[in-house]
Amino acid sequence: MSSHSAQQSRHRAGPSPQRPAGLPGAGRLWSRALLLAIWAGVPAVLALWWQDTIPGSLGGGGDYVTAAGRLSGLLAAYLLLVLVALMARIPWLENRVGSDVVSRYHRALGEYTVALAVAHAVLIILGYAWQSGTDPVAETGTVLLHYPDVLLSAFGLALLVLVGVVSARAVRRKLPYETWYHIHLLVYVAIALAFAHEFAVGTDFSASARNRLLWSGAHIAVALAVVVFRVFVPLRRSLRHEVRVARVEVQGPGVVSIYFTGRALDELGAQAGQFLRWRFLARGLWWQSHPYSLSADPELGQWRITVKNLGDSSAALTRLHPGTRVWFEGPYGTFTERRRSRARKVLLIAGGAGITPIRALYESLPGVGADVILLYRASRPEDLVLYPELEDIARRRGFGLYPVIGPRTGPRGDPLSAARLRHSVPDIAQRDVYLCGPTGMAEAAEVQLRRSGVPQRRIHREAFEF
């Protein structure tokens with residue numbers, strides 16, 4: 001790695017940004033490719049269902065309802081595999097599509113998965129009851145108690161519904177991250193319970209060795225991805241790079257920065273704007289990992305995160321001792337310079353915890369003078385975390401720095417309204433915009449940016465929640 005002074009010189013007056021050779025920028029192309037890959041599996045599932053659903057066998061209403069139940073079950077099982085694959089932290093997904101996009105797809109598909117799984121159970125019961133001429137309640141008892149592995153799959157369905165409920169945005173916001181995370185792990189149990197049921201009574205598999213082989217192969221491939229990318233790779237990297245806490249520095253009320261040391265950290269290729277999942281091997285913290293963005297440019301040789309006490313385990317981070325061993329996953333994310341188009345000028349907008357990746361970008365983006373402008377949104381002046389550091393960067397590099405303070409519903413209206421954005425940054429429509437902050441602020445700001453004339457392709461937003 002080059003010297004600190006050489007890096008600073010490069011940042012002060014870098015050339016117009018060019019994408020590294022062979023590394024297409026993350027964005028909608030990769031997102032669409034991922035969606036296409038997911039949808040490509042649906043025809044295969046339909047073919048699997050159709051080969052055992054001969055048109056002549058659908059002789060009555062009960063047959064049609066049962067066939068619909070089988071189809072919804074197959075689609076739910078397929079999407080369940082997709083959900084796990086999306087959360088396997090496969091580098092191509094995390095660093096091309098983007099962790100925030102992958103998480104958004106995961107949440108959306110999760111709703112469909114739970115709905116299809118419930119529909120499968122209901123339709124199968126109704127179809128069987130119709131075919132046998134019994135009432136649905138009696139048929140439910142028969143299916144649960146006399147069909148092999150169905151009772152276990154019912155427990156799996158209950159776990160899946162539980163995960164769906166706690167993942168709903170209204171519920172998720174009220175739960176500590178640790179609680180939500182560990183309940184979410186029950187998805188693996190649900191898959192295991194459903195798998196035996198699929199082979200025992202699923203006519204699409206019980207009568208076809210080829211289908212069983214293909215279905216088992218898909219499960220094995222996803223399981224290997226989880227083990228490799230969520231266990232083996234992080235373990236190997238953590239042992240290789242020996243990351244430890246160097247010091248903990250108080251930044252303000254309830255806010256600390258944690259500095260790290262390690263061996264050959266430059267080999268990881270971390271970039272400003274990315275995040276890692278950190279596991280501190282200290283009492284009360286070793287059993288959980290949390291995603292935190294780097295709050296300084298790692299290319300300057302400084303690995304640091306900045307954390308605000310939110311009432312969960314983040315409070316314990318203030319008591320970390322130098323030398324504490326750290327295991328990590330990553331780096332992840334596409335909220336980097338790579339997203340930047342050929343436009344030279346950049347506008348950064350940050351709010352809340354979103355200042356951490358924005359601060360790293362502010363320090364690292366090439367440009368001079370007004371090429372880079374930062375709007376820092378806060379309700380009160382004391383909420384401007386890391387502001388002295390930002391002022392120092394602005395002085396050294398000549399960048400624009402404007403605090404945007406006040407309530408959104410004040411007498412002057414939204415501080416990030418289209419009119420006020422154009423007033424603060426007259427050439428906003430010609431800039432790339434990096435936006436990171438609380439969901440409500442970021443969504444509202446994105447709307448105002450579009451009204452200000454910024455094309456959607458130039459708005460790079462990091463969803464700062466998981």
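This is a predicted model: local features need pLDDT of at least 70, side-chain atom pairs count only at pLDDT 80 or more; totals for chains, interfaces and linings use all residues.
## The chain as a whole

The protein chain has 466 residues, of which 49% are buried, and its secondary structure comes to 15 helices and eleven strands. The accessible surface of the chain is about 21,800 Å², and carbon and sulfur atoms account for 63% of that area. When contacts between residues at least 6 apart in sequence are considered, 73% of them join residues that are at least 24 apart.

## Helices α4 and α6

Two packed helices are described by the angle between their axes and the distance between the axes. For α4 and α6, the axes come within 10 Å and cross at roughly 150 degrees, and the crossing is left-handed. On the α4 side, the residues that take part in the meeting are Thr113, Val114, Ala117, Val118 and Ala121, while α6 brings Leu157, Leu160, Val161 and Gly164.

Thr113 belongs to helix α4, which covers residues 91-132, and with a relative accessibility of 1% Thr113 counts as buried, because the limit for that class is under 20%. Apart from its neighbours within four places in sequence, Thr113 is in contact with Ala76, Leu79, Leu80, Leu83 and Leu160. Of these contacts, Leu160 is among the α6 residues that meet α4.

Val118 is also found in α4, but its relative accessible area of 34% makes this residue partly exposed. Val118 is one of the residues of a nonpolar surface patch of about 400 Å², which is made by Val118, Val122, Leu126, Val161, Val165 and Val171. Both α4 and α6, the latter spanning residues 150-167, supply at least two residues each to the nonpolar patch, and the helix that gives the most is α4, with three residues.

Val42 is found in helix α2, residues 28-50, and is buried, with a relative accessible area of 18%. Leaving aside neighbours within four places in sequence, Val42 is in contact with Leu75 and Tyr78. Although Val42 and Tyr78 are 36 residues apart along the chain, their C-alpha atoms are separated by 8.1 Å.

## Backbone features

Most residues other than glycine have a negative phi, and most peptide bonds are trans. Arg89 has a positive phi, near 60 degrees; this residue is placed in the loop between α3, residues 61-86, and α4, and at 7% relative accessibility Arg89 counts as buried. Ala264 likewise has a positive phi, near 50 degrees, and is found in the loop between β2 (255-261) and β3 (275-280), where at 24% relative accessibility Ala264 counts as partly exposed. A cis peptide bond joins Gly330 and Pro331, with omega about 5 degrees, and Pro331 is found in strand β6, residues 326-332.

## Salt bridges

The count of salt bridges comes to 16, and the table below gives some of them.

| Pair | N to O distance |
|---|---|
| Arg359 and Glu363 | 2.5 Å |
| Arg380 and Glu382 | 3.6 Å |
| Glu446 and Arg461 | 3.1 Å |

Arg359 and Glu363 both lie in helix α12, residues 355-364, where they are four residues apart, about one turn of the helix, and both of them are buried. In the pair formed by Arg380 and Glu382, Arg380 is partly exposed, with a relative accessible area of 43%, whereas Glu382 is exposed at 54%.

The side chains of Glu446 and Arg461 also meet in a salt bridge. Glu446 lies in helix α15, residues 439-451, and Arg461 in strand β11, residues 459-463, so this pair ties together parts that are 15 residues apart in sequence. At 18% relative accessibility Glu446 counts as buried, while Arg461, at 21%, counts as partly exposed. Elsewhere, salt bridges that share partners join Arg304, Arg359, Glu363 and Glu389 into one network.

Definitions and conventions:
Residues are numbered from 1 along each chain as its sequence is written. Side-chain values use heavy atoms; hydrogens and water are left out. Buried means under 20% relative accessible area, exposed over 50%, partly exposed in between (1.4 Å probe, protein chains only). Contact means heavy atoms within 4.5 Å. Patches are made of residues with over 30% relative accessible area and no salt bridge: like charges are joined within 9 Å, nonpolar side chains (Val, Leu, Ile, Met, Phe, Trp, Tyr) within 5 Å. Accessible areas come from the Shrake-Rupley method with a 1.4 Å probe; for residues, only the protein chains shown count as cover. A salt bridge is a side-chain nitrogen of Lys or Arg within 4 Å of a carboxyl oxygen of Asp or Glu. Axes are lines fitted to C-alpha atoms, for helices over the stretch in contact, and angles run from 0 to 180 degrees between N-to-C directions. A crossing is left-handed if the near helix is turned anticlockwise from the far one by less than a right angle, and right-handed if clockwise.
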